[in-house]
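Okay, everyone, thanks for coming. Let me put the structure up and we'll walk through a few spots together.

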Amino acid sequence: QVQLVESGGGLVQAGGSLRLSCAASGRAFSSYGMGWFRQAPGKEREFVAAISRSGGSTAYRDSVKDRFTISRHNAKNTVYLQMNSLNPEDTAVYYCAADEGGWGSARIDLYDYWGQGTQVTVSS
């Protein structure tokens, strides 16, 4: 069973940066695809970024593709989301998720484990 814990959220001014981290328990981290999703108040949870088990493939939603970078350090059981040029539309609770299939998908239903979320608030 996998436990995921996000950290690094907070309050930042528009144009600023944050780096989110997601630490995973267990020995099978390197076999999981990993994703970041976010949910703003009153909105559906949406895909942000994903990375394959080896880190060799990544994907982003269009609105963040030039600003965010997903990466992973398998020896540390950790996945990261570097967020630059933040704007108020990025305000949301950010969740990391693990995919036993190993691909790292944009489809929320394909993920097996979820963290508790970390709040990101971007002020204008």
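So, which residue in β3 stands opposite V5? It's A23. Quick ground rules: this is a predicted model, where local features need pLDDT of at least 70, side-chain atom pairs count only at pLDDT 80 or more, and totals for chains, interfaces and linings use all residues. Residues are numbered from 1 along each chain as its sequence is written, and side-chain values use heavy atoms, with hydrogens and water left out.

Back to the strands, which are DSSP E runs of at least two residues, numbered from the N terminus. β1 and β3 run antiparallel, with four bridges between them; pairing takes at least two DSSP bridges. β1 covers residues 4–7, with L4 and E6 on its covered face and V5 and S7 on the uncovered one.

Now T118, which sits in β11. T118 counts as buried because its relative accessibility is 12%, and the cut-off is under 20% with a 1.4 Å probe, protein chains only. Beyond four places in sequence, its contacts (heavy atoms within 4.5 Å) include E6, S7, G9 and Y94. And a polar atom of the T118 side chain lies 3.3 Å from the backbone nitrogen of G9.

Definitions and conventions
Buried < 20%, exposed > 50% of the residue type's maximum accessible area, 1.4 Å probe, protein only. Polar contact = N/O pair within 3.5 Å; in protein donor to acceptor, adjacent residues only side chain to side chain.
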